[in-house]
Structures are given as C-alpha cells and as structure tokens.
Amino acid sequence: MVVVTKYRRKCITKPMLSRLDEIARATTEKWDGEVLEFNGEPDHVHLLLELTPRTAPSAFVNNLKTVTSRLIRKEYGAHLQRYYWRKPVFWSRSYCIITVGGAPLSVLKQYIEQQEAPE
C-alpha cells in the first residue's frame, strides 16, 4: 500500500516516519492484520501488509489514514504548519493498493527497505 502526503509536500521527517510506523502497526493489529514492512520518503510511505480476507481494503485504508493524520497533526502540528497553514490535512485522498499473491516477500521487503528515508 502506498499513501502520499497532501499536494505531495515533502514534510515527513525521520521522527514522524518512526511515529507513523508505530501508529500503522497498532492500527493494523486492531484490524487483525500485520505490517510486514514499513518505510517511506518525505512525501509518501509504503506498507507491506497482511490482512484477513474479510477486511475491506477501502475501510481499512480510510481508518488508517484518519488515525495517522489525526495523531501526526496533533503531535507535529508546529512542523506541519509550514506546509499546510491552517488546513487540517496530512494525506492525499488517493492511495494505491497492490496485491502480491505470488511475489516473493523478500523482493517486496527489499524494495520498501530501499526507499530514501527522510532526514
């Protein structure tokens, strides 16, 4: 799964990425899923997820983006003001989910690990 920041603003810092990882893992566990790999760049994050077949992807993504946005804006509000002024936003409305039924997980994990993490 890939989610991007609103307007592709390069606002994600290393501490924010770490916090996003924590929030994503906790939220995914509540949906009986697991984050297998997480990484990102200053304007987007990649998640390799294992979800149950009964999980509706759109509902899960909506919840994950809502929770992460709310907490990140609360904890890093001063930093994000430079990018979003007074608007209460963080993520773009779009997202990308690709199923990987037959692909080796090692290849997918390697791709996500190789993302250029923010400084």
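Val-2 stands opposite Cys-96 in strand S4. First, two words on the basis. This is a predicted model, where local features need pLDDT of at least 70, side-chain atom pairs count only at pLDDT 80 or more, and totals for chains, interfaces and linings use all residues. Residues are numbered from 1 along each chain as its sequence is written, and side-chain values use heavy atoms, with hydrogens and water left out.

Now, the labels. Helices (H or I, at least four residues) and strands (E, at least two) are DSSP runs, numbered from the N terminus. Two strands pair if DSSP finds at least two bridges between them. In general, strands of a sheet pair through backbone hydrogen bonds, either parallel or antiparallel.

Back to Val-2. Which residue is its bridge partner in S3? That partner is His-46. His-46 also has Asn-39 standing opposite.

Next, the strands themselves. S1 covers residues 2-5 and S3 covers residues 44-50; they pair in the antiparallel sense over three bridges. S1 also pairs with S4, residues 91-96, again antiparallel and over three bridges. Between S2 and S3 there are seven bridges, and these two run antiparallel as well.

Contact here means heavy atoms within 4.5 Å.

Let's look at single residues. Thr-5 sits in strand S1. Is Thr-5 buried or exposed? Thr-5 is buried, at a relative accessible area of 0%. The scale: buried is under 20% relative accessible area, exposed is over 50%, and partly exposed is in between (1.4 Å probe, protein chains only). Beyond its neighbours within four places in sequence, Thr-5 is in contact with several residues, among them Cys-11, Pro-42, Tyr-84 and Trp-91.

Arg-93 belongs to strand S4. Arg-93 is exposed, with a relative accessible area of 77%.

Now two loop residues. Arg-8 lies between S1 and H1. Arg-8 has a positive phi of about 55°, although it is not a glycine. At 43% relative accessibility, Arg-8 is partly exposed. Asp-32 is in the loop between H1 and S2. Asp-32 has a positive phi too, about 60°, and is not a glycine either.

Last stop, the largest pocket. It holds about 610 Å³ of space. How many residues line it? The lining has 22 residues, with Met-1, Leu-49, Ile-98, Thr-99 and Val-100 nearest the centre. S3 and helix H4 (105-113) are the elements that give two or more residues to this lining. S3 gives the largest share, five residues.

A pocket is an open set of points on a 1 Å grid over the protein atoms alone, where a 1.4 Å probe fits, with protein on both sides within 12 Å along at least five of seven lines; lining residues have an atom within 4 Å of a point.

Technical notes. Points joined across faces, edges and corners; volume = space filled by probe spheres on them.
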